[in-house]
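Biologist: Please pick one part of this model and take me through it closely, atom contacts first. After that, carry on into whatever else deserves a look.

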Amino acid sequence: MVSAPAKRDIRKLSPEELKAFFVEKGDKAFRAQQVYEWLWKKSAKSFDEMTNLSVTTRQMLNEHFVINHVHVDNMQRSSDGTIKNAVKLHDGLIVESVLIPTEKRITACVSSQVGCSLDCKFCATARLKRMRNLNADEIYDQVVAIKEQSELFFGRPLTNIVFMGMGEPLLNYANVIEAIDKITSPKGLNMAAKRITVSTVGIAKMIRKMADDEVKFNLAVSLHDAINETRSAIMPINDTNPLEDLADALRYWYKKRKRKVTYEYVVWKGINDTPEHAQALLKFCQVIPSKVNLIEYNPIDEGQFQQAGDDVLQMYQHLLESHGITTRIRKSRGKDIDAACGQLANKSL
Ligand code: SAH
């Protein structure tokens, strides 16, 4: 017996491909526009929802395509208002995304990969290993789910998006860029690119590519130390991608994009809690205009890593600020439900 050909994921088609499909079937090209709007702007989860199409057209779409939408499998709410979603993908794998409410903003923190290949020693996601990249529609759908939760639970619109969930966005570059194109497009969610931040371990080659592509969103780099030996010990990516290469790539980024970069930095006891490390960070911050977020460490197990005391954070802040570098000490959100940075590891499974 010959099995029916597998149906294609319709959201992998470009507007032109969708148009070509309708023309080939003898239908009008503008159908493609209608369907495209249902798929992205209206986030339709089935062809039957597309009520301005004839039943025959809907049937034809059903015969050829599927809509691989994600669904929120489990939602946890923190005492501080943070919401963590376990998001189930069409093949049963799970990623996590987080809604972070503050007085002025509602931020969606989204994942770009299932698991991660980078093995940062302090991060829970690293323990999952990388299983696969997310498609653009799977990234987009996480944002849509959080946008809906934001309206439903807070009566406010989603204002910001950070790629700080599971995975390394610059190792899934094409899909991340496509998702951001859809998020910012009037044919999608129509959000401003300046409200989107992509956070990376700092892959020099890809930072250069982002500069060449003239991306409009913000760049954050997870630095955590500015001395090669220490950084390599906690972030193995630094072995093949040392600070000098990162600095060169950032100079290139700034020359082309004229945009400040944000460094994320955790201060740990016995690892980077001395003035020598703070001085190294200051020097690195002078490579291009930058600001620093000193983020709170969220323990992922007992032992090796412990947050340094407030006095050390203040030593860092004082040094950086006295040289004109904006430095914020950031408290974690959603810790009670393991939704904070570096804690995303599918505990709900
Ligand atoms: N791969 C990307 C994005 C995911 S991690 C990146 O590295 O930037 C998002 C942020 O959480 C990064 O700054 C990361 O270094 C930080 N992080 C990871 N584990 C953490 C932990 N246990 N406590 C606090 N921050 C952590």
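Modeller: The side chains of Tyr252 and Asp212 are joined by a polar contact of 2.5 Å (a pair of N or O atoms within 3.5 Å; within protein, one must be able to donate a hydrogen and the other to accept it, and residues adjacent in sequence count only if both atoms are side-chain atoms). Bear in mind that this is a predicted model: local features need pLDDT of at least 70, side-chain atom pairs count only at pLDDT 80 or more, and totals for chains, interfaces and linings use all residues. Numbering starts from 1 along each chain as its sequence is written, and side-chain values use heavy atoms, with hydrogens and water left out.

Tyr252 sits in helix α9, residues 243-257 (helices are DSSP runs of H or I, at least four residues, and strands are runs of E, at least two, numbered from the N terminus). Setting aside neighbours within four places in sequence, Tyr252 is in contact with Arg208, Ala211 and Asp212, where contact means heavy atoms within 4.5 Å. Its relative accessible area is 22%, so Tyr252 counts as partly exposed (buried is under 20%, exposed over 50%, partly exposed in between, with a 1.4 Å probe and protein chains only). Val215 is 37 residues away from Tyr252 along the chain, and their C-alpha atoms are 13 Å apart.

Glu214 belongs to the loop between α6 (204-212) and β11 (218-222). Glu214 isn't a glycine, yet its phi is positive, about 55°. Most residues other than glycine have a negative phi. Glu214 is partly exposed, at 46% relative accessible area. Ser43 also has a positive phi, near 50°, and lies in the loop between α2 and α3 (55-64). Ser43 is buried, with a relative accessible area of 16%.

Asp27 is in the loop between α1 (15-24) and α2 (30-41). Its side chain makes a polar contact of 3.4 Å with that of Arg31. Beyond its neighbours within four places in sequence, Asp27 is in contact with Phe22 and Thr57.

On to the ligand. There are 20 residues around it, and Phe122, Ser199, Ser222, His224 and Asn298 come nearest (a residue is near if one of its heavy atoms lies within 4 Å). A ligand nitrogen lies 3.0 Å from a backbone N or O atom of Gly167, and a ligand nitrogen is 2.9 Å from a polar backbone atom of Asn298. Alone, the ligand would expose 530 Å², and the protein buries 96% of that (Shrake-Rupley areas, 1.4 Å probe).

Last, the strands. In β4 (residues 83-88), 5 of the 6 residues are buried, so the strand is largely enclosed by the rest of the structure. β4 pairs antiparallel with β3 (residues 71-77) over 6 bridges, pairing meaning that DSSP finds at least two bridges. Another 6 bridges join β4 to β5 (residues 94-101), again antiparallel. Lys88 stands opposite His71 and also opposite Ile94 in β5. The β3-β4 hairpin has 5 residues between its strands, and Gly81 in the turn has a positive phi of about 100°. There are 5 residues between β4 and β5 too, and in that hairpin Gly92 takes a positive phi near 90°.
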